[in-house]
Amino acid sequence: MNYTRERRSRLHPELQIKFLRRLYRLLVNGYPMGYALNIISWDRSLNRCANHIIHALKIGQHLDEALKTIHFHETIVAHLYFARHSGQLTTHLKQCIDVVSSRFQQQKKFKRLMRYPLLLLSFCPSYKWRWVEVNVHSM
């Protein structure tokens, strides 16, 4: 039951990537983390997420820990954990965006690709069983 609750509260993957892209763009342009998160909070779809991260950073959590508490994808959290230890946030953030966005796009394509065969299989059982009955009776 906790898994379903956690899954519902998780930010949609596209919004996670949108958040990371905006954060990366603002940090590369020289904005400090606090100002960057404040600017991101102006977006209604990212407001709650950005405000939570701002609060978490104020109480002393690291960025990767704050993202983990709001159920960001594990790959994102891992990339930012390594960024914290290496001290190269923007470099790891860019790599994270590239890896995660390509992964989510591949998953989306795979789901779209699998729809048609699953639709066909949903109609096949009646024909499949008729074929089995015909072969069994002919033996």
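Q: How much of the chain is buried?
A: Buried residues make up 28% of the 139 residues in the protein chain, where buried means under 20% relative accessible area, exposed means over 50% and partly exposed lies in between, worked out with a 1.4 Å probe on the protein chains only. Please keep in mind that this is a predicted model, in which local features need pLDDT of at least 70 and side-chain atom pairs count only at pLDDT 80 or more, while totals for chains, interfaces and linings use all residues. Residues are numbered from 1 along each chain as its sequence is written, and side-chain values use heavy atoms, with hydrogens and water left out.

Q: Then why does C96 count as buried?
A: C96 counts as buried because its relative accessibility is 0%, and C49 is also buried, because its value is 8%.

Q: Switching topic, where does S41 lie?
A: S41 lies in the loop between α3 (33–40) and α4 (47–58).

Q: And what does S41 touch?
A: Leaving out residues up to four places away in sequence, S41 touches N47, A50 and N51, where a contact means heavy atoms within 4.5 Å. S41 counts as buried because its relative accessibility is 9%.

Q: How much space lies in the largest pocket?
A: About 550 Å³ of space lies in the largest pocket. On a 1 Å grid over the protein atoms alone, a pocket is an open set of points where a 1.4 Å probe fits, with protein on both sides within 12 Å along at least five of seven lines, and lining residues have an atom within 4 Å of a point. Grid points are joined across faces, edges and corners, and the volume is the space filled by probe spheres set on the points.

Q: Which residues are closest to its centre?
A: Of the 18 residues lining the largest pocket, H12, P13, E14, F104 and Q107 are the closest to its centre.

Q: Which helix gives the most to that lining?
A: α7 gives the most to the lining of the largest pocket, with seven residues, and α2 (13–28) and α7 (89–138) each supply at least two.

Technical notes: Helices (H or I, at least four residues) and strands (E, at least two) are DSSP runs, numbered from the N terminus.
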